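Here is a quick tour for someone meeting this model for the first time. Have a look at it, then read on.

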Amino acid sequence: MNMNHSRADPWIAEEEAMLEELASSISVYDSHRNNLIPMLQAIQKDHGYLSASAMEMVAGHLDISPSEVYGVASFYNQFRFHPPGKHRIKVCLGTACHVVGGDIILENFERKLGIKDGETTADREFSIERVACVGCCALAPVAVVDEVVEAHIAPSRVEGILFNFELERDQRDKEAQDSESAS
Amino acid sequence: MNLHLEKSPQERFAALLEKAGECAAPEQRDTIPRIYIGMATCGLAAGAAETKAAFEEVLAEQHIEADIIPVGCLGHCYAEPLVVIENPGFPAIAYHQVTPGKAKVLVKSFLVEGDPLFEYVLAAMEENDLIPTVADFPRFNLEQRIVMRHCGVIDPTDINQYLVKGGYASLARALSLPPEEIIRMVAEAGLRGRGGAGFPTGRKWELAKADPGTEKTVICNADEGDPGAYMDRTLLESDPHQLLEGLAICAYCVGAAKAVVYVRAEYPLAVETITTAIDQARDANLLGRSILGTSFDLEVTVFQGSGAFVCGEETALIQSVEGKRGMPQHRPPYPVQHGLWDQPTVINNVKTLSTIPTIIEHGSQWFRSVGAQTSPGTAIFSVVGKVIHPGLVEIPMGTTLGTLIFNICGGVPKQKQFKAVQIGGPSGGCLPESFLDTPVDFDSLTQAGAMMGSGGMVVMDEESCMVNVARYFLEFTQNESCGKCTFCRLGTRHLLNILDRITKGQGKESDLDVLDSLARDIQRGSLCGLGKTAPNPVLTSLNYFRSEYQAHISEKRCPAMMCRTLTAFYIDPDKCARGCEVCVGCCPVEAIFTAKGRKKAIDQSLCVKCGECMVSCPPEYDAVKKVSPAELAPIVERPES
């Protein structure tokens, strides 16, 4: 990555690189309509979200209109249209989590990070999602942070989780600085 | 279909079984210990991976040879991570909540020194003179495991373990019988679809078989969308081959050469496990081309559902497999005649298909002898919420709700009062205490106003507000309504708005009548099950807990003290300890300050009512109080600093 770019530019470069990669990866699918959802799933798996240009590309491949692709994608809960944060926080709001205060946990994350569910922080470090049920009802309330299930999560634990990430980040920055000054 | 080839399917199967027996490691119990770790999603969430790593580490350290076998889920979620150890010379013993620390101690004490550490024991898995066995506990002995018999016992990623347990024998047997006879067996067994509606499975197969269509498909519906139910996931993760066997038998009966397992993408481990299982079965000639040498072919694929609750409805599910928005279609024509790509399609739930092998194995008479008259067999419930022993429970149909909640799952914890049980998720209803004698079967539950649904069961105690819970379910169904029918799309939105107002203390007397009539209109004006059942939580709670609605409306009071706008926390200055700062430290919004006499007080304008201060206040002070309506909390001015 060119370090002379301003803060937003690497992301444009990232999207361009992503589209290039997509063009080759979607060519393995034949242009039958029933491949639409598997294709969208594969794109989201690799890149974390569906960008407008990615959906246009899929539409072109299947020879349907982009609005139809968006119509299908927006129907299902799985698909997201913004890049996720580096750390993805999914708060479970299933029935069992609800009766023990899952919404309070969600609110705590939202308050601490200053974003709402479905959003990503401006530095793309964190994103929050609400999920219907991760199927660990006996461990409620539950949040999934970077694929790790946090069981019986208390409001004060939220602060602890975010604080740990902060420490990690400081550590990383420090190491980067050290290696820079060493070289 | 020509079945008269040189070797019968059963002969081929016998050869396969012999090979499996060799691979699945002969009985080693006399020589080395075996450690079974429950590693399904719930076990992993509780830390089973760390536990496994700890076992591996300490075994290597101590130079002990032992087999670690990752298994599925026993369904005892309260005890995760759950480990069963077979140590030669001892009965197999189950240990609960095995943390990495406990794992290390267990290896050193039990495997090295021969002390089974009674303080960590859950129960022995078999009769012995030493330790109480699982048969002594109601959580085990009131259950009857038929569909879940292998869950948590075998390694789901190893087909041989399923084979040596008698797996695929029913398929081998079925292949040497005419399809009509198997369909008759299933019909005589009285098996009803376990997806919730309870349609007779045999009848469904019969209709599909009779259809002249040539490109028939069988779809296994594992789109478990009910927030609070996870038995389908557990079956996929713990015993995928049993499902595949049932699927293959179904396909053979109706004459389908293609099958699809429709799993939620939110279940990554289930997707992985079933995909592995399909590959293994294909390699063993139990799926794929010329199964066991017959002319029966079956290609099974996995389709990942993208998370839409309405796709549990069969016509919507088909739409989504075809790559469209999952909107339900008019029935008739039913999918058994015009389903996927307009061809005859049988859609069965995971539990339904997983029951098939045992029916073929033991016969329809045996199956009828289990459970209730009109609903034979067992039911699997995920009992969660305010119970001591939450988890998956498989019980014979006809067991009463009271037995299930109090005897099997241990009742409500912390000596709280039982209030209601919500059965069937967002489509079901809340039943009060007076219904605890209701037997669990399709017809009795529907009569009571709830429904079997997916089998999710959430137990609620005195601290759960019924209005709030009804609002929660409405928020879910409103979100998941596909938008096709006006009553469902707009009606649920209005219901939600009214409930929202009530839980915020802005309800009107007339709201209750509007709720009732609107709920009934939605039921009548909706095409699919989602809209038809969405008002159930509102109607049942209005019916059985009307006084709670009234307290919210006329007194601005939430009797369960759950609705946050209507409750407030305050600190009793007579109980608060001078100088204790615990609550100040835990408050996420810095709403707690030091008032006169170094006692603490809560700034109501900042408080978000998370309740952390109440939990953290040391029990010897017990100074934080919760009240409803919110005006009851005394206002303490923050001193100017």
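Into which domains is chain A divided? Chain A splits into domain 1 (9-75) and domain 2 (87-182), with bounds that come from an automatic or database domain assignment. Between the centres of these two domains, taken over C-alpha atoms, lie 28 Å.

A word on ground rules: this is a predicted model, where local features need pLDDT of at least 70, side-chain atom pairs count only at pLDDT 80 or more, and totals for chains, interfaces and linings use all residues. Residues are numbered from 1 along each chain as its sequence is written, while chains are lettered from A and ligands numbered from 1 in the order in which they are written.

Chain A has 7 helices and 4 strands (DSSP runs numbered from the N terminus: H or I of at least four residues for helices, E of at least two for strands). Its C-alpha trace spans about 55 × 50 × 25 Å along the principal axes. Of its 183 residues, 35% count as buried, meaning that 20 or more other C-beta atoms, placed from the backbone, lie within 10 Å of a residue's own.

Chain A also touches chain B: 35 residues of chain A are in contact with 41 of chain B (contact means C-beta atoms, placed from the backbone, within 7 Å). Helix 5 of chain A gives the largest share of chain A's side, 4 residues.

**Inside chain B**

The largest nonpolar core has 250 residues; such a core is a set of buried Ala, Val, Leu, Ile, Met, Phe, Trp, Tyr and Cys residues joined through C-beta atoms within 7 Å. Leu247(B) and Cys250(B) have the most contacts inside it. Helix 11 (residues 240-254) of chain B supplies its largest share, 10 residues. Leaving out residues up to four places away in sequence, Leu247(B) touches Val218(B), Cys220(B), Ala259(B), Val300(B) and Leu353(B).

Chain B also holds an open sheet of 4 strands, parallel and in the order 8-7-6-9; strands pair if DSSP finds at least two bridges between them. Strands 8 and 9 of chain B stand at the edges with a single partner each, so one side of each has no neighbour in the sheet.

| Strand of chain B | Residues |
|---|---|
| Strand 6 | 217-222 |
| Strand 7 | 258-264 |
| Strand 8 | 299-305 |
| Strand 9 | 345-349 |

Strands 6 and 7 of chain B are joined by 6 bridges, and Thr217(B) has Lys258(B) as its bridge partner in strand 7. Helix 14 (residues 350-362) of chain B packs on the sheet, touching strand 6 and strand 9 of chain B.

Note on methods:
Two residues are in contact if their C-beta atoms, placed from the backbone, lie within 7 Å. A residue is buried if 20 or more other C-beta atoms lie within 10 Å of its own, exposed if 12 or fewer, and partly exposed in between; C-beta atoms are placed from the backbone. Axes are lines fitted to C-alpha atoms, for helices over the stretch in contact, and angles run from 0 to 180 degrees between N-to-C directions.
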